[in-house]
Amino acid sequence: MIGVKSIALVVLAGAAAALSITSGALSIDHFTEITIPSAFAIGLFASTAAALVAFGARPGTKSRAALALRRGRPVLAVDLPRAHPEVRELPSLAQRALLVGMFACLGLATFTTDATARIASVPEELAAPSRAEYCLPDAPTPVAAPTPVAAPPPPVDQAGCALVKRAYQLGYAKTLGSCAPRAAPVAPAAAKPAAREVCDRRELDEPFLHYTWRRVVETARGASPVDAVGSRIDELATRVDYLEDLLADIKHSITGTPHGSHHVWITLPDPHPKSSLHVFTGEEPCTSTFADLPLWPAWTAASPPSELVEHVFGQLLFATRFGTPASCSDYTIHWDAPRDACARLAADPEGFLDAHDALAPIRAVLDRRRRQAALRRLAVALDHEPTLPEPPPASSVVSVACFVVDPRAADAFTGRSLVVDGETILLREATTRAIAGRGAGPLELYARLAQLLAGSMPVRDRTAAEPLDSLAEPDFPLARLEPLAALDPFVERDVRSLLERPEVVEVYPFDRHLHAFVDAFRRVYFAQRGRL
Amino acid sequence: MKRAIVVIGALAAVAHAAPAGEARVAHLAAALTELRAGDPYALERELHEAIRLRCRTGGATTSCMIGVARELCGKRSCLAAADVIVTNQHAERDLVDEPTRMRLVRTSSDYHAAVLVELRARYAILAAELALARPAASLALQIDRLCVERDQIARRCASDAAACLGSLPYQRCAAALVWFASTEPRGANP
């Protein structure tokens, strides 16, 4: 039985030798090119690697696995006793020699002259001073190639010399005299001196402590303690000037002053009248009131108009299904408003607002806006980049509106401006005769409230829909509904009559049409509104 | 016999429906019965070919499609089933987006069969919603209720959400579910 250790060594050494022969590492030419450093590196590598492997392989010990021949077939015997008498190994010296030979072959293939030179130069390159840290002498500029000597300029023809030249050529005159050819003078090109950077980094022969001291002195040279203290005092004085604004801004942040205050007075009764239980339960937050609004509730003639108004108001402003909503905490609906709310508001803004608990939140928002503008001025005074954005106009963060339902009045819409605390805000009023839950009533209400809030709505193009078959026919009731997917009742007035039929309203594809309407409204409305 | 089954099925469903939706539920029940009784894929293919031949000028309008379907059914009792098929065919362009249709054109030997497979994948999402909806006395009633109420709640899908169907008009929702519930799946290249 032959130990696997010997077999493996022979195979590996043979493979290394074969590879070396194939790559030419064992050729005579290769040996003649080897330099002394290469030979030293190969010898060092071969002896070190062989010693390390031999230390682990223990050539003096027999393998515990061996290859045997039984009935002419090779069999691997494993887990043999350490000193099994039948296991034969190469002598220890031969194994070591094979190891050295194998690594020498590898070294011959790898440690070529170039590779050894590169490896030898690594420490020198690592220790070389870097240009980022030291002032290094300028790299020698390459010797400029000799500039070709310019050909002498052609002789300058002088006036009145033609006859003299002719006489000279024919031999009648011995010299040309003043007509001798003269070359045009060539102005010498001025040499441009190369710009040289002033280096304040460490000099190559500069001790480290000297360099450190030099840096400290350079840093402190331009700074005067008196100037520094003076600038700090100026900064402090500027901040003191804005102290009230700073404190007020902090107060607004802590107390949670609204970022906007918009009030709508509606002449309808509160759809959620307050009972005595409100004392204990508190008011329902607006986020809950307007969360999960159904798309198109089954309104009837008996549906309370105020519920319908609240629903449409919520859909236009706060429904998340149509994209980014407004913040409902910035809006207050004042139900049960008097018929002449807007007239009274215009006559005595502050008195009316105060009577309806609207003055305090409006003033808080206006004050917050003023403070925000003041803090931006402070940043400019301190030569800092303002961190707060430019506050929107007062009319964007505060607004008042009235929605009047009066059966005796005609439909109307007016707009004017008010002055509260020196700031101009908008007042809009819409009057409608009635609110109907059936038919096109909700559509009219959507349009009316959108106008009240946004002032105007973009005119939307009519949809190019296919003609609608009669929905009254009994056959193909599903297919007959298909054109409704493209027939927008907000735009196509012809289809509004269909909404008188509850069974059509139940299946009308309102989602995409309402989506288009609210999207158009919000694009107009949000362009007029802002938040602090 | 077939007519009797249709009538009985429709009556059973209507018995549990609310008055406003009685006709709708009866129609859905009739469509389910008709599709289950015959070969829905054969009828679908037949309708598709006829509509392709006669309604292609300027896009197939529902009135033309209805006319073709009415003619094709003739004396056969397949009007309710044809209504479902026509609605699904009319909604095809809205349910399968342009890139998907282009892919199907490139990769399928039978475009229409491939579209049916693609639509079925979308119907399956609806069917999952139906399975999770509160049970009703009949399948037709459950489909009707789901499709009437489905758009009432906010339904927004992320652009890359594969298993999400956004807002869907009633008739498309109902037709899709009736087709899905009454047919077996088929490969794109049968």
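Biologist: What percentage of the 190 residues in chain B is buried?

Modeller: The model is predicted, so local features need pLDDT of at least 70 and side-chain atom pairs count only at pLDDT 80 or more, whereas totals for chains, interfaces and linings use all residues. Residues are numbered from 1 along each chain as its sequence is written, chains are lettered from A in the order in which they are written, and side-chain values use heavy atoms, without hydrogens and water. A residue is buried under 20% relative accessible area, exposed over 50% and partly exposed in between (1.4 Å probe, protein chains only). Of the 190 residues in chain B, the buried share is 49%.

Biologist: How many helices and how many strands does chain B have?

Modeller: Helices (H or I, at least four residues) and strands (E, at least two) are DSSP runs, numbered from the N terminus. Read from the N terminus, the elements of chain B are α-α-α-α-α-α-α-α-α. The totals for chain B are therefore 9 helices and 0 strands.

Biologist: How much area is buried between chain A and chain B?

Modeller: Buried area is the accessible area (1.4 Å probe) that two parts lose on being put together, summed over both. Carbon and sulfur atoms give 55% of the area between the two chains. The area buried between chain A and chain B is about 2500 Å².

Biologist: Which residues of chain A lose the most area to chain B?

Modeller: Contact here means heavy atoms within 4.5 Å, and it takes 26 residues from chain A and 32 residues from chain B. Three residues of chain A together account for 31% of what that side buries. They are A:Phe476, A:Leu478 and A:Glu482.

Biologist: Which residue of chain B forms a salt bridge with A:Glu506?

Modeller: A salt bridge is a side-chain nitrogen of Lys or Arg within 4 Å of a carboxyl oxygen of Asp or Glu. Between chain A and chain B there are 4 salt bridges. In the one formed by A:Glu506, the closest N and O atoms are 3.1 Å apart, and the partner is B:Arg24.

Biologist: Is A:Asp519 buried, partly exposed or exposed?

Modeller: A:Asp519 lies in helix H19 (residues 510–528) of chain A. A:Gly323 is 196 residues away from A:Asp519 in sequence, yet their C-alpha atoms are 7.8 Å apart in space. Because its relative accessible area is 31%, A:Asp519 is partly exposed.
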